[in-house]
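Hi everyone, thanks for coming.

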Amino acid sequence: MFSCQLGRYFQVIFLTIVAVVVLSIVSILYVINVMSLGETVRPTRIASQFAGLKSLKSKKSQHRDSCERCLRPVARDGVEDLFCMDRPAFLKQLKNPCWFEDEKLRCLPYFHILGCAKCATTDLSRRITLHPDIVNPDAPFDKEALWWTWRKYGYVGFSRTQIHKFRQYLNTFDPLARKLQTSMRRKEQNFSHFITMDGSPPDFWDFRGWPLLPQNHGRSEPCIYTPQLMKHIYADPKFILILRNPTDRLYSDYFFLRQGDTPEDFHEDVQKSLQILANCQKKHSQRQCYFSADVYKRLTTRIHFGCYSLFLKEWLKAFPLRHFLVLKTEEYSKNITNHMKMVYSFLDLSQVSMDLYEDIEDLKRSRVTKKKKNAAPMLDSTRGILDQFYAPCNQELADLLGDKKFLWQ
């Protein structure tokens, strides 16, 4: 009898110890779970949290990556979800990113020329493409496909138009694709070095279409736009970015778009634009205001995209700085030959003769704003306002690039 009671006594003690150990383990795992997930969990859910620890970590990981995943092959308003496409199987024997699709060769550009209007992107493009290794795209000015930030969303400038699909964008680079495929069929030698390009300046700064991407639906600010989409499709792209003093750029752009006739008109419209941005930023972030289609429509000058650093930061989230060659318009204009050598080296192109560099140098400047040339100089008061407005952006740009020349002082 006594031994039986003693056995029950030890059994109770053993079970109590086991219960304490189990509860301690559960408590420790609960604390670890809360600390790692950053969530508040009620004690009544300890057991279920312990059982579902792996699944919760998995869900948190998925949440971090939720922006860069396929949601709908065709999103609302007909805008494609590029995350529903696999990256093409690029042919390793070709320098340019190309692949076969139903026995037809398709190509993307090897490099992009980015920038802003009146920064000399057209002039730069015309000189670059004199290199014999470059095949021009089938696009306006032999450079501007205008797909990634305009035609993809049904924009052309300030107007709306038909949405263009990704395959329509690829048609832009058929000149190179046909050349390469013909060389392959004929089993020719020395053709793998040919490349093509896309020189669409708005790709750098115009993010108006972001609300139409399914990954951004319901968000107050975008998590996906052009740089992330390109990162998903491209393997190793190159970007040439040319930037001009934003104050001078805006003055030239104003007359280029025929938004006014005199320095006084410009001064008045600059003040209106600054007020529109200031009013927007009372309620919204800088990104929301500068990437807004509504704000863009109401601005009386295209003042916002002179804050180059705001846009470059978004590109650098997707691509390291090594993917970019950043040029300063003022320096480019003074020494074109040296800049062409820099560009050709960055693109890893074959050496060319000095005769070609002379031809490049002798080209007449492209798309000079005649109305601005005939206009009086900018008012000193306007320049002071704009220099002050752009100063923080210029400082941030110089810091991002590690180069004080982009302070434009």
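How many contacts beyond four places in sequence does the model have for residues 28-64? The model has 17 of them, with a contact meaning heavy atoms within 4.5 Å.

A word on the ground rules. This is a predicted model, where local features need pLDDT of at least 70, side-chain atom pairs count only at pLDDT 80 or more, and totals for chains, interfaces and linings use all residues. Residues are numbered from 1 along each chain as its sequence is written, and side-chain values use heavy atoms, leaving out hydrogens and water.

As for the whole protein, the average pLDDT is 86, and 81% of the residues score at least 70.

Now please find the loop between β3 (111-115) and α4 (121-128), where Lys118 sits; helices (H or I, at least four residues) and strands (E, at least two) are DSSP runs, numbered from the N terminus. Most residues other than glycine have a negative phi. Lys118, however, has a positive phi near 70°, and Ala120, in the loop between β3 and α4, has a positive phi near 85°.

Are these two buried or partly exposed? Lys118 is buried, at 13% relative accessible area, while Ala120 is partly exposed at 23%. Buried means under 20%, exposed over 50%, and partly exposed in between, using a 1.4 Å probe and protein chains only.

Methods. pLDDT = per-residue confidence, 0-100.
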